[in-house]
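This briefing is for a reader meeting the structure for the first time. It begins with the overall fold and then turns to particular places in the chain.

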Amino acid sequence: MIERAVLLSDEGVIHSYHLPLSLQPILEHLAAEEGLEARVSQIEYDLIVEALSMFQGNVSRAAEHLNITRRALGLRLDKYRLNYKHYRNRA
């Protein structure tokens with residue numbers, strides 16, 4: 001896993017999104033919740049992070065990959081307090 005994270009990191013820093021989804025930190029405001037809604041939210045969060053990582057922060061391409069509108073993804077980014085800029089490659 002560490003080797004994979006090093007290979008995926010191109011900025012000299014390993015971020016949580018370089019790790020497998022199962023090892024990424026759970027959002028604090030979701031961790032306190034239990035039940036179906038919390039699990040669905042966690043899965044949604046994981047899928048969004050994965051799409052943003054895959055498309056290097058390109059919201060339009062991530063939304064297309066997730067089969068939702070750019071606006072819907074924007075609302076979910078706000079809900080989960082995600083910033084697409086954190087997923088962009090820095091040259």
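From the N terminus on, the elements of the chain follow the order α-α-α-α-α. That makes 5 helices and 0 strands. The model is a predicted one.

**The chain as a whole**
- The chain has 91 residues, of which 30% count as buried.
- Its accessible surface amounts to about 6,500 Å², and carbon and sulfur atoms account for 53% of that area.
- Of the contacts between residues at least 6 apart in sequence, 49% join residues at least 24 apart.

**Helix H3**
- Helix H3 covers residues 36-54.
- H3 is made of 19 residues, and the distance from its first C-alpha to its last is 27 Å, close to the 27 Å expected at 1.5 Å a residue.
- Its buried residues are Ala 38, Ser 41, Gln 42, Tyr 45, Asp 46, Ile 48, Val 49, Ala 51 and Leu 52.
- Just after H3 comes Gln 56, which takes a positive phi of about 45°.

**The aromatic pair**
- The structure contains 1 aromatic pair.
- The pair is formed by Tyr 45 and Tyr 80, whose ring centres are 5.7 Å apart.
- The planes of these two rings stand at 70°, so the pair counts as edge-to-face; the cut-off for that class is over 60 degrees.
- Tyr 45 belongs to helix H3, whereas Tyr 80 sits in the segment after helix H5 (70-79).
- The pair therefore ties together parts that are 35 residues apart in sequence.
- Tyr 45 has a relative accessible area of 8% and is buried.
- Tyr 80 is buried as well, with a relative accessible area of 0%.
- Both values fall in the buried class because that class takes in residues under 20% relative accessible area.

**A nonpolar patch on the surface**
- Ile 2, Val 6 and Ile 14 make a nonpolar surface patch of about 280 Å².
- One of these residues, Ile 2, is found in helix H1, which spans residues 2-8.
- Ile 2 is exposed, with a relative accessible area of 59%; residues count as exposed when the value is over 50%.

Key: Residues numbered from 1 in each chain as written. Predicted model: local features only at pLDDT ≥ 70, side-chain atom pairs only at ≥ 80, totals over all residues. Heavy atoms only, no water. Phe/Tyr/Trp six-rings, centres within 6.5 Å; stacked < 30°, edge-to-face > 60°. Helix = DSSP H or I, 4+ residues; strand = E, 2+ residues; numbered from the N terminus. Buried < 20%, exposed > 50% of the residue type's maximum accessible area, 1.4 Å probe, protein only. Patch = residues over 30% accessible without salt bridge, like charges linked within 9 Å, V, L, I, M, F, W, Y side chains within 5 Å. Areas by Shrake-Rupley, 256 points an atom, 1.4 Å probe, with all protein chains shown as cover. Salt bridge = Lys/Arg side-chain N within 4 Å of Asp/Glu carboxyl O. Expected span 1.5 Å × (residues − 1). Contact = heavy atoms within 4.5 Å.
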